[in-house]
Amino acid sequence: MYTGPTTLAKLQGSVIAVPPLARNADLSLNLAENRKLVRHIEGGGVTTLLYGGNANFYNIALSEYDQLLGMLTEIAAKDSWIIPSVGPAYGTMMDQAKILKNYAFPTVMMLPPHAATTPAGFATGARRFVEAYGKPAVLYLKEENIIDVEGAKKLVDDKLISWIKYAVVRKDPKQDAYLAKLVQAVDPTMIISGIGEQPAIIHMRDFGVAGFTAGCVCVAPSPSAKLLKAVLAKNWAEAERLRALFVGLEDLRNGINPIRVLHEAVTLSGVADMGTILPLLSPISDDEKRKVGAAAKALLAAA
């Protein structure tokens with residue numbers, strides 16, 4: 001497992017895959033199927049894996065956290081960069097910081113809170129977590145109201161942030177005043193587009209961010225990796241061709257639920273069996289599974 005620093009070369013060296021987490025029927029961790037998925041992702045040239053929302057880290061038990069971190073270190077290849085998550089509750093983050101000290105992960109991502117939060121309060125909590133953890137953390141901006149640009153800049157300037165995952169959804173990703181202000185306030189090469197292949201070209205070309213995270217890369221890692229290389233080479237026609245491969249499954253994720261659809265897509269594609277989804281989430285319907293299965297198999301075949 002990679003244990004070195006966060007660098008631009010590392011951020012741009014791989015698409016940042018955001019995998020689901022395989023569980024057994026009793027909700028225990030499924031080591032074999034998680035390993036199978038990781039080998040598939042790595043086999044397609046993707047060597048950075050971020051375990052966050054798609055892995056349903058929002059709902060994991062603190063009592064499971066140590067075992068989960070141990071499993072992630074065990075299944076990673078020698079040079080793969082594994083990034084787990086913490087939170088989103090402040091108390092959970094602080095307890096997780098103590099467990100993380102036993103591991104060599106270079107950074108972790110702070111999950112965005114959904115309630116009982118203010119921008120100033122989040123900034124304080126992030127600062128206290130990083131101080132307890134002892135290493136910079138990933139700032140996940142999923143909504144504008146998590147923290148304002150000035151607050152984010154302060155965390156960056158104080159060297160508390162390793163990189164920023166930007167995932168605020170827009171009807172038109174070209175029209176994004178918050179992102180435009182953010183890339184002026186902090187170095188855009190420490191910002192990663194965080195909403196999959198769909199807006200990745202626009203975010204990288206028009207706003208200058210360094211790379212992108214993706215969920216559907218778990219089904220088809222090779223074309224996603226080629227997409228990143230095409231964007232970095234400014235080969236826009238090839239990048240658009242590759243991006244189009246992901247539209248069918250991404251549209252289903254956007255229309256139903258990104259986490260629940262990806263969980264089933266990996267299983268239905270035949271890549272690995274993700275098993276039972278952890279509450280407080282629930283499976284998609286049988287009709288939705290038919291559509292997701294078809295799209296997932298088509299994407300895998302295109303790879």
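Biologist: Which helix holds Glu-250?

Modeller: Glu-250 lies in helix H11, residues 247–255. Keep in mind that this is a predicted model.

Biologist: Is Glu-250 buried or exposed?

Modeller: Start with the cut-off. Buried means under 20% relative accessible area. Glu-250 has a relative accessible area of 3%, so the residue is buried.

Biologist: What does Glu-250 touch, leaving out residues up to four places away in sequence?

Modeller: Glu-250 touches Ile-195, Glu-197, Gln-198 and Cys-216.

Biologist: And how far is Glu-250 from Met-1, C-alpha to C-alpha?

Modeller: The separation is 29 Å. Along the chain, the two residues are 249 residues apart.

Biologist: Now helix pairs. How are two packed helices described?

Modeller: By the angle between their axes and the distance between the axes. Take helix H4, residues 90–100, and helix H5, residues 119–133. Their axes are 9 Å apart, and the packing angle is about 15°.

Biologist: What does that angle make of H4 and H5?

Modeller: Angles under 35 degrees count as roughly parallel. H4 and H5 are therefore roughly parallel to each other. The crossing of H4 past H5 is right-handed.

Biologist: Which residues meet where H4 packs on H5?

Modeller: H4 brings Tyr-90, Met-93, Met-94, Ala-97 and Leu-100. H5 brings Gly-125, Arg-128, Phe-129, Ala-132 and Tyr-133. By class, this contact has eight nonpolar residues, one polar and one charged.

Biologist: Where do the axes of H6 and H7 stand, in distance and angle?

Modeller: Helix H6 covers residues 149–157, and helix H7 covers residues 177–185. Their axes come within 10 Å and cross at roughly 30°. That angle makes H6 roughly parallel to H7. The H6 and H7 crossing is right-handed.

Biologist: Which residues make the contact of H6 and H7?

Modeller: From H6, they are Val-149, Glu-150, Ala-152 and Lys-153. From H7, they are Tyr-178, Lys-181, Leu-182 and Ala-185. Sort them by class, and the contact has five nonpolar, no polar and three charged residues.

Biologist: One more residue. Where is Ser-269?

Modeller: Ser-269 is in helix H12, residues 258–269. With a relative accessible area of 9%, Ser-269 is buried.

Biologist: What does the side chain of Ser-269 reach?

Modeller: That side chain reaches the backbone nitrogen of Val-271, at 3.3 Å.

Biologist: Which residues are in contact with Ser-269, leaving aside neighbours within four places in sequence?

Modeller: Val-219, Ala-296, Lys-297 and Leu-300 are in contact with Ser-269.

Definitions and conventions
Residues are numbered from 1 along each chain as its sequence is written. This is a predicted model: local features need pLDDT of at least 70, side-chain atom pairs count only at pLDDT 80 or more; totals for chains, interfaces and linings use all residues. Side-chain values use heavy atoms; hydrogens and water are left out. Axes are lines fitted to C-alpha atoms, for helices over the stretch in contact, and angles run from 0 to 180 degrees between N-to-C directions. Helices (H or I, at least four residues) and strands (E, at least two) are DSSP runs, numbered from the N terminus. Angles under 35 degrees count as roughly parallel, over 145 as roughly antiparallel, 65 to 115 as roughly perpendicular and the rest as oblique. A crossing is left-handed if the near helix is turned anticlockwise from the far one by less than a right angle, and right-handed if clockwise. Contact means heavy atoms within 4.5 Å. Ala, Val, Leu, Ile, Met, Phe, Trp, Tyr, Cys and Pro count as nonpolar, Asp, Glu, Lys and Arg as charged, and the others, Gly among them, as polar. Buried means under 20% relative accessible area, exposed over 50%, partly exposed in between (1.4 Å probe, protein chains only). A polar contact is a pair of N or O atoms within 3.5 Å; within protein, one must be able to donate a hydrogen and the other to accept it, and residues adjacent in sequence count only if both atoms are side-chain atoms.
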